[in-house]
Every structure is written in structure tokens, then in C-alpha cells.
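Biologist: I have a model open and want to go through it point by point. Shall we begin?

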Amino acid sequence: MSEVRTGGLLSCLLVTGLVAAGLALTGCGAEGGGKQPVQSAIPRVPNPKDVTAVADRPCALLPPPQAAGFGLDRPPRQISGRLGTADCEWRSSRMDVWVYLSLATDRLTLEEVSTRRESLPYFELTEIGGHPAIASRTDAKLPACDIDIKTAERQSVTVSYDSTAFNNDLAQGCVVARQVAAAVLRNLPPRT
């Protein structure tokens with residue numbers, strides 16, 4: 001594989017299309033501004049997890065004892081997801097902590113997020129529990145953080161986290177979001 005560095009969104013979209021086909025490495029970040037370019041394609045998952053096994057019951061992925069550990073003391077609420085699966089939402093009784101979980105059973109979520117990289121105030125290609133992941137924020141003034149985890153080929157989990165406790169420490173939102181995402185990932189069954 002060769003490294004490809006681009007600055008334009010159109011180039012990024014074209015390169016990302018190649019990434020989806022497994023043909024190139026992306027570099028869709030703008031130089032400077034504190035953003036680091038994505039230097040490698042979204043890797044394959046060595047130990048896949050099965051999102052389809054829990055697509056109809058996503059609230060099971062963060063059981064009450066684990067949810068309480070993150071300050072989420074209200075019962076979860078299952079919601080019809082826009083991707084055809086069920087989603088789940090947790091809140092604290094003080095309404096200061098919120099988690100939203102979305103599952104994708106046939107989508108290249110991380111590759112899609114990578115194409116929007118230049119428009120995001122925070123973007124980091126990372127790893128959660130041995131799985132490729134992207135941490136991102138869509139608003140530079142809020143601690144809300146999205147963690148997209150590739151659980152298997154064309155399967156993913158997205159954990160969105162927000163807490164008013166981090167309004168003065170925006171980066172901490174992604175720190176806790178990673179912890180929530182790691183807990184969710186541990187509760188996913190292996191793909192057989």
C-alpha cells in the first residue's frame with residue numbers, strides 16, 4: 001500500500017472510496033490547525049464482534065450497573081434508529097449526562113466519518129479494545145463526543161456522549177466517551 005496525502009475534500013472523497021475498496025491509505029486532513037492527517041486506512045478487525053446479534057436490543061449493551069458507573073441512573077429508552085436498527089438512549093436523573101448508542105449492520109461508518117474529517121473541530125483515528133475507532137466532536141464549544149467503532153466488516157457501533165460537567169474541559173468528554181464505548185464493546189458477542 002502507498003501513502004496518499006490530500007488536502008481537498010473532493011480528493012478525500014475519491015481516496016476514501018478507494019479505502020473502502022481496500023486500495024489506498026487516506027490523508028484527508030488539512031495541514032496545521034492542530035489536526036493530524038489520517039495516515040492509514042481503517043484496518044480490518046482481527047477479532048470481529050457481532051452487531052446483528054443485538055440489533056434488536058441495543059440497551060443490553062450497557063447494563064444498569066455499568067450505566068450507573070457513568071452516572072446514568074435512569075432506565076434506558078430504546079428508540080427506532082435511522083439506520084433500520086434499534087438505538088438506545090441513557091440519561092442521568094439530573095439531566096447532566098447523556099449517552100446515545102447507534103448500531104450499523106451494513107455500513108462503512110468509519111470510512112463515512114473520515115470523509116467529513118475536515119469539517120469536524122476534533123477528529124482522531126484511534127483504537128478501542130483492539131478495534132479501529134474514530135473519536136470526533138461536531139461542535140468546538142461543547143464536550144459532546146462521538147466514538148465510532150468498527151466491530152466487523154460493514155458493522156459498527158456509535159456511542160455519543162455528553163456531560164455538562166465537562167463544559168469547561170471539552171477534551172474530557174471524549175475521554176469518558178471512550179470508556180463508555182469500551183464497556184459497550186465488551187458486551188458485544190463475538191462474530192462466528
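Biologist: Which element gives the largest share of the lining of the largest cavity?

Modeller: Keep in mind that this is a predicted model. Helix 3, strand 6 (145-152) and strand 7 (155-163) each give two or more residues to that lining. The largest share is three residues, and the element that gives them is helix 3.

Biologist: How much space lies in the largest cavity?

Modeller: The structure holds two cavities of 30 Å³ or more. For the largest cavity, the space is about 40 Å³.

Biologist: How do the residues of its lining divide into nonpolar, polar and charged?

Modeller: Go through the list. Arg107, Glu111, Lys150 and Arg154 line the cavity, and they count as charged. Leu108, Leu110 and Ala152 are in the lining too, and these count as nonpolar. Thr109, Gln155 and Ser156 complete the lining, so by residue type they count as polar. The division is three nonpolar, three polar and four charged.

Biologist: Which side chain does Ser156 join in a polar contact?

Modeller: Ser156 is found in strand 7 and lines the largest cavity. Its relative accessible area is 2%, so Ser156 is buried. At 2.6 Å, its side chain makes a polar contact with that of Thr109.

Biologist: Is Thr115 buried or exposed?

Modeller: Thr115 lies in helix 3, which covers residues 109-115. The side chain of Thr115 reaches the backbone oxygen of Glu112 at 2.6 Å. The cut-off for buried is under 20% relative accessible area. Thr115 has 18% relative accessibility, so it counts as buried.

Biologist: What is the angle about the S-S bond in the link of Cys145 and Cys174?

Modeller: Cys145 counts as buried because its relative accessibility is 0%. Cys174 also counts as buried, at 4% relative accessibility. The link is right-handed, and the angle is 95°.

Biologist: How many salt bridges does the structure hold?

Modeller: One of them is between Glu89 and Arg91, where the closest N and O atoms are 3.3 Å apart. Another brings together the side chains of Arg178 and Glu124. The total in the structure is eight.

Biologist: Is Glu89 buried or exposed?

Modeller: Glu89 forms its salt bridge with Arg91. Arg91 has 28% relative accessibility and so counts as partly exposed. Glu89 has a relative accessible area of 10%, so this residue is buried.

Biologist: How many residues apart are Arg178 and Glu124?

Modeller: Their side chains meet in a salt bridge of 2.5 Å, N to O. Arg178 is in helix 4 and Glu124 in strand 4 (residues 122-128), and the pair links distant parts of the chain, apart by 54 residues.

Biologist: Which residues are linked with Arg44 in a network of salt bridges?

Modeller: Start from the salt bridge of Lys150 with Glu153, where the closest N and O atoms are 3.3 Å apart. Lys150 is buried because its relative accessible area is 5%. Glu153 counts as partly exposed, at 33% relative accessibility. The network links Arg44 with Lys150 and Glu153.

Conventions. Residues numbered from 1 in each chain as written. Predicted model: local features only at pLDDT ≥ 70, side-chain atom pairs only at ≥ 80, totals over all residues. Heavy atoms only, no water. Helix = DSSP H or I, 4+ residues; strand = E, 2+ residues; numbered from the N terminus. Buried < 20%, exposed > 50% of the residue type's maximum accessible area, 1.4 Å probe, protein only. Polar contact = N/O pair within 3.5 Å; in protein donor to acceptor, adjacent residues only side chain to side chain. 1 Å grid on protein atoms, 1.4 Å probe; cavity = no way out; pocket = protein on both sides within 12 Å on 5 of 7 lines; lining within 4 Å. Points joined across faces, edges and corners; volume = space filled by probe spheres on them. Disulfide = S-S within 2.5 Å. Salt bridge = Lys/Arg side-chain N within 4 Å of Asp/Glu carboxyl O.
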